[in-house]
Amino acid sequence: MPSFRVRLSWNNEHIVVPVPEDLFAKGTITELLQLATNRFRQYSSVKFDVDNSFVKILTADGFAFAQSDALSAVLKDDDHLVVLDSASWIESQSKFLSGGLWADATAVDFEDNARRWARIGWSQKLSKLYCSVGRKYDTTNKLVFFTVEDLKTFPKSQTVAEVVGVDWFVRVVFCVSDSRVNAIEFHLKNKSDQRPLIKQLTLQYTADGVSAGKETVLQEPFIAPTKAYSVPQAAEIGPKITDFLPYDAEIPAPALVENKSTGSCPIELRQQDAQPFVEQNWSSSEGLQNIFVEFMAKNNSNTVATITEFKSEYLKGDVWVSCNYTSWGYKDSRFYYSVQNRCDDMYELGAGAVSKLALRAQIKLGAGPSLDHRARRLYSTLPRPLKVRFTWTDADKRTSSIEVLCNSAPPQLRDREYFEKNKGLPALFIASCDDTVAEERIHLVGFHNREKQCIEVENKLKSTTMHLYNESIRKYAYLAAKEGKTEVELEDITYDQAPFGAKVFVLVDVAEKHGYAVKTVLKTSTSESTNYFLLPVL
């Protein structure tokens, strides 16, 4: 049987497409588009995406055909035509869609992590309603437009835009009554869904046109279990801190007691800080205990006096133990002192002069359990009160010293009131664990953010916040259930740097593929705690 042919060009690709005689005699442009799509997928040297297709045919000089045109009426043998693919056409039309979104539906498939979606809205520039769907969050696979007249004279309820795969689909469906589209539905089914998500938007007609009405979720993709869940009892091992103060409590300074140096050096020191300022600084390898004290220094001689050496010691039992090093500088504020890292410079004071002077003694603590920085705290292994002796020697080898007492108030620990006030949200759960050596209390806190419909889990050790939405909880549960696991660790919030550790798990009902509770595990050098908290309906 003889056949016709057309020469088609797409981008820089040129292919001859044979057209069977019966198709040429009875077919339309729509059927030629399908024939061209199959031909390019088979023979094009450029990859033709499986989701792409040709949507429009133009003459070589740019004139378009209607898709209902009969081939025999508009074409002749060996015509040269240009085809436009859907991806290019959609890209050219997308500029008309901004700002007119009415409603959308989107969901992640837990099997392949693809976010599929559908949208409807109004294009002000085209004065048309648009429907678009995509199999990936950054790709539009189908885009269709409708005038108000189209909506008012629609023949029957039907799908107007869809993209379909194996065990998943996205559809936009027009719901028609009295020959008019009165509602539009999204039908979105992922592989991991128990059933399709169905959302409906009603349309409102006026003399001026059409507008969006009420949006309703008709069906959720997951069927929530109706049974009541319970969780195990909390388990705690190890001692707890019993003597502590609220975190934001003001600690009053004691009264200043007269305390001045003794010895032969002409520079005399008088203590100015009623309570020396103490702090700990920790790295992964060691901790350092700093003791800062402000003094009033006076040169009691009629010549310039120069201190060539400072040193410090602390009393451990009946023995004075040398501190790591001593340095001098000045006090800037109640909790900040500007001192040198090491005491390499000499301290000089003019004849009869008076000046403020701050000294720092630093004690190596070795590797131990504590966090980065702890102000106003003496480490628990040091004597309490801690007696520190500063000694200095001038250029003439004359020596003086002064002893000061340092102490630590009970540790200041955070409680529910502090967390809720600081966050501005109600706490769903607060899990804690004490370290009685470091005098630390570590926390995992979950806040119920009703506005965002999620649980915000904060790990104070890691300074990390993780948001648990319905979708993320379902994903954890779905993937865990596939492997038969009854719990799944939220690794993004895990902290594990000895001796501290903090982990959060979602407990899973494998049969229902449902996450129903949170499990927290905390550990310190002296204690461990495991707690369970039921999840609310988000």
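How many helices and strands does the protein chain have? Colour the model by secondary structure and you will find seven helices and 38 strands. Helices (H or I, at least four residues) and strands (E, at least two) are DSSP runs, numbered from the N terminus. This is a predicted model, in which local features need pLDDT of at least 70 and side-chain atom pairs count only at pLDDT 80 or more, while totals for chains, interfaces and linings use all residues. Residues are numbered from 1 along each chain as its sequence is written, and side-chain values use heavy atoms, with hydrogens and water left out.

**Stop 1: the whole chain**

Zoom out first. The C-alpha atoms fill a box of roughly 125 × 55 × 50 Å, taken along the principal axes. The radius of gyration of the protein chain is 38 Å, whereas a compact globule of 538 residues would have a value near 24 Å. That radius is taken over C-alpha atoms, and the globule rule is 2.2 Å times the number of residues to the power 0.38.

Of the 538 residues, 44% are buried. Buried means under 20% relative accessible area, exposed over 50%, and partly exposed in between (1.4 Å probe, protein chains only). Among contacts (heavy atoms within 4.5 Å) with a separation of 6 or more, 56% come from residues 24 or more positions apart.

**Stop 2: I291**

Now select I291, which sits in strand β19 (residues 287-299). Is I291 buried or exposed? The residue is buried, because its relative accessible area is 0%. Show what surrounds I291: leaving out residues up to four places away in sequence, the residues touched include P276, F277, V278, L386 and C406. C406 is 115 residues away along the chain, yet the C-alpha atoms of I291 and C406 are separated by 7.9 Å.

**Stop 3: helix α7**

Next, select residues 470-482, which form helix α7. This helix has 13 residues and reaches 18 Å from its first C-alpha to its last, close to the 18 Å expected at 1.5 Å a residue. The expected span is 1.5 Å times one less than the number of residues.

Which residues of α7 are buried? They are S472, I473, A477, Y478, A480 and A481. An α-helix has 3.6 residues a turn, so residues three or four places apart point the same way. To see what covers the buried residues of α7, show strands including β33 (464-469), β34 (487-489), β36 (500-509) and β37 (514-523). After α7 comes G484, with a positive phi near 75°.

**Stop 4**

Most residues other than glycine have a negative phi, and most peptide bonds are trans.

- Select D78, in the loop between α3 (71-74) and β4 (79-85). Its phi is positive, near 70°, and D78 counts as partly exposed because its relative accessible area is 28%.
- Select K397, in the loop between β27 and β28 (399-406). Phi of K397 is positive too, near 65°, and K397 is exposed because its relative accessibility is 68%.
- Select R384 and P385, which are joined by a cis peptide bond with omega about -5°. P385 lies in the loop between β26 (373-375) and β27 (386-394).
- Finally, select A498 and P499, where the peptide bond is also cis, with omega near 5°. P499 lies in the loop between β35 (495-497) and β36.
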